[in-house]
Amino acid sequence: MAFADLKKQSKLGSLTEKLVKEVEKMNTSSGSSDDRVWKLDCDKSGNGYAVIRFLPAPDGEDLPFVKVYSHAFQGPGGWLIDNCLTSINQKCPVCEHNSGLWNNGTDAGKEVARKQKRKLTYVSNIYVVKDPANPENEGKVFLFKYGKKIFDKLTEAMQPEFEDETPIDPFDFWQGANFKLKAKNVAGYRNYDSSEFARPDALLDDDDALEAIWKKQYSLAEFVSPDQFKTYEELKKRLSSVLGTKSAQIDEEVEDEDDVRGPVRDLDDGLRSELNNLQPTRRASAPVEDDDDDALSYFARLAED
Ligand SMILES: [Zn+2]
């Protein structure tokens, strides 16, 4: 394009228009573009219902679910939305920074540490049995991201609390059970307490059809493969830029201290677990029931925006 044309377009405003379109495209394609991931559609009052079946581990993998920690918060320098390195048993600079905040002895420090703490997401393959809001999803295999509340329902099914209940493997094609996913709005947060398993039964009475479903399942291991994570240094750099330069300097000092190793690090680890243990207490005392699912709906909203 000739320079004169550039100037002409500038006058017409078509450059801006083009830019706006590009930015819109970028925004809609980030996150929400993964059509492998199924989401529960809720109505305006926040109610949603679907019947799904959790599926076995995909071919060549050991587990029917994968666990991923992530951070999502806003600082003066923008949003930090990244997977937490503790998901793959590595040191995470964001978690370390939070330990420092937790350790600084102020309520404000603790509050910020809470805001920036890692959030837990599970990912499984599911088969959609019934999806009244989107019937076209029925009979298909999807990935499903869920929080601790739903994972607890899965473990309860595997290890029931009372003697009269029979343990089931909710991920089993033949001996498992459909899961009735029920969402409602409790004090402004999506709540899955009413969700429950149906009676145990084979998903389909046709092994060939079940095998075809199994072959369609997605890899879960890829969610925790190294390419899904920034390196420690990259994440640290991102944290500094999100927190702004002043915080970045403080961060450097923390790192210097860390280099001393020894007791400082041990203390950090202790505080980190304290930070993690904080969650249940907070959950029990706060009217907000479901922290992690809330984080998920936050991501869902972010993706929809
Ligand atoms: Zn972390």
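**Strand pairing and surface patches in the predicted model**

Phe197 counts as buried, at 19% relative accessibility. Buried means under 20% relative accessible area, exposed over 50%, and partly exposed in between (1.4 Å probe, protein chains only). Phe197 is found in strand 9.

The model is predicted: local features need pLDDT of at least 70, side-chain atom pairs count only at pLDDT 80 or more, and totals for chains, interfaces and linings use all residues. Residues are numbered from 1 along each chain as its sequence is written, and side-chain values use heavy atoms, with hydrogens and water left out. Helices (H or I, at least four residues) and strands (E, at least two) are DSSP runs, numbered from the N terminus.

Strand 2 spans residues 48-54. Six of its seven residues are buried, so strand 2 is largely enclosed by the rest of the structure. Two strands pair if DSSP finds at least two bridges between them. Strand 2 runs antiparallel to strand 7 (residues 179-186), with five bridges joining them. Here Ala50 stands opposite Leu181. Strand 2 also runs antiparallel to strand 5 (residues 119-130), through four bridges. In that pairing, Ile52 faces Val128.

Strand 3 covers residues 65-75. Nine of its eleven residues are buried, so strand 3 too is largely enclosed by the rest of the structure. Six bridges link strand 3 to strand 5 in the antiparallel sense. Phe65 stands opposite Ser124 of strand 5. Strand 3 is also antiparallel to strand 4 (residues 78-83), again over six bridges. His71 is placed opposite Asp82 of strand 4. A hairpin of two residues connects strands 3 and 4.

Two surface patches were examined. Like charges are joined within 9 Å, and nonpolar side chains (Val, Leu, Ile, Met, Phe, Trp, Tyr) within 5 Å. Accessible areas come from the Shrake-Rupley method with a 1.4 Å probe.

Met1, Phe3 and Leu6 form a nonpolar patch with about 380 Å² of accessible area together. Phe3 lies in helix 1 (residues 3-12). Phe3 is exposed, with a relative accessible area of 68%. A negative patch comprises Asp201, Asp205, Asp206, Asp207, Asp208 and Glu211. Asp205 sits in the loop between strand 9 (196-197) and helix 6 (207-216). Asp205 is exposed, at 83% relative accessible area.

Technical notes. Patch = residues over 30% accessible without salt bridge, like charges linked within 9 Å, V, L, I, M, F, W, Y side chains within 5 Å. Salt bridge = Lys/Arg side-chain N within 4 Å of Asp/Glu carboxyl O. Lys, Arg positive; Asp, Glu negative; His and termini not counted. Charge placed at Lys NZ, Arg CZ, Asp CG, Glu CD.
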